[in-house]
Amino acid sequence: MSTIGFLGLGNMGRPMALNLLKAGHSVVGFDLSSAACKASAEAGLTVAASAAEAVYGAEIVITMLPAGKHVLDAYSGAMNLLGTAPKGALFIDCSTIDIASARAASAAAEKAGMLSVDAPVSGGVGGAAGATLTFMVGGADAAFAKAKPILEQMGKKIVHCGGAGTGQAAKICNNMILGISMIGVGEAFVLAKKLGLSEQALFDVASTSSGSCWSLNTYCPVPGPVPTSPANRDYAPGFAVDLMLKDLRLSQEASRASGAATPMGAAAAQLFELFAAQGHGGLDFSAIVTFLNGTPGKAP
Ligand code: NAD
């Protein structure tokens, strides 16, 4: 069992840290928000008074933070955790962040004599609570080998994607597919309605034909055909528009930096941007169908 310092006890980090505690590790958490610290302590986690205290003596440091600047700030900026944790500790960053920051964090960790991986997740708050997350991991073989058994206690699928930053690359490529495919499925439902084709008929045909995809089959954006999809509960998330927009922006940033042509990804980012600007950033991302239908926020 390991001694783990866990930074970022928000919607995702708190249940993840609690799963590690349940698995028998010694876990000390920290968050800048006193509300997050209080909720974590009430759930049974030991919460430190500072980030430094949380990682002091830790063999493993896990971060689950909003963006690249927070991770760099924690690693080598104001919090300087790379200078606080014992030499040779393993740093696992589970946040979704830009690739440049992920690579900078990895380089800083190596320079400080630490092991590190970027290990963003898919599976949302439900996956974090149920320890069924998918982890996409970037980093050296030795760091991955040490991280894998820890990640297995928070998730069910752990994929080593390659060197530093490739976990983040896998995450933003996957979510670019998801954002684009949800818009495609939404457009098909809008067109079907104009043509007098019922939603159920379109679903029955397309879900078993070449239009079949996760956005249609599992997460159908209109109420009815898939009773468990967010469309049946007024688009309560799930995976919020704001988080999809964050990931689409990251993929566009990476496209520009690498020279990749991703015009559909650019269009998807713009559509989610407009929908969020109308005040719907908190809805599930499948609600984009309501924007396409001209009834923003209300099922077609
Ligand atoms: P959240 O806002 O609920 O939690 C983030 C927490 O980090 C906050 O409590 C904040 O106070 C804390 N924080 C910020 N800077 C800190 C620092 N320097 N030290 C300690 N704590 C600090 O966000 P979340 O939903 O838990 O998401 C966390 C990450 O996981 C994000 O990168 C997000 O993109 C990613 N993610 C989220 C989901 C989801 O469904 N929520 C799914 C997949 C990935």
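Author: Contact here means heavy atoms within 4.5 Å, and helices are DSSP runs of H or I with at least four residues, numbered from the N terminus. The model is predicted, so local features need pLDDT of at least 70 and side-chain atom pairs count only at pLDDT 80 or more, whereas totals for chains, interfaces and linings use all residues. Residues are numbered from 1 along each chain as its sequence is written, and side-chain values use heavy atoms, with hydrogens and water left out.

Let us look at helix α5, which covers residues 99-111, and begin with its contact with helix α4, residues 68-75. On the α4 side the residues that take part are Gly68, Val71, Leu72 and Tyr75, and on the α5 side they meet Ser101, Ala104 and Ala105. Sorted by class, this contact of α4 with α5 holds five nonpolar residues, two polar ones and no charged ones (Ala, Val, Leu, Ile, Met, Phe, Trp, Tyr, Cys and Pro count as nonpolar, Asp, Glu, Lys and Arg as charged, and the others, Gly among them, as polar). The axes of α4 and α5 are 9 Å apart, and the two helices pack at an angle of about 10° (axes are lines fitted to C-alpha atoms over the stretch in contact, and angles run from 0 to 180 degrees between N-to-C directions). The angle of α4 to α5 therefore makes the two helices roughly parallel, a term for angles under 35 degrees.

Helix α5 also packs against helix α8, residues 166-194, at an angle of about 160° and with the axes 9 Å apart. This angle makes α5 roughly antiparallel to α8, which applies to angles over 145 degrees. The crossing of α5 and α8 is right-handed, in that the near helix is turned clockwise from the far one by less than a right angle. Helix α5 contributes Ile99, Ala102 and Arg103 to this contact, while α8 contributes Thr166, Gln168, Ala169 and Ile172. By class, the contact of α5 with α8 has four nonpolar residues, two polar ones and one charged one.

Taken side by side, then, the contact with α4 has no charged residues, and the contact with α8 has one. On the α4 side of the story, α5 uses Ser101, Ala104 and Ala105, and for α8 the helix α5 turns to Ile99, Ala102 and Arg103.

Methods. Angles under 35 degrees count as roughly parallel, over 145 as roughly antiparallel, 65 to 115 as roughly perpendicular and the rest as oblique.
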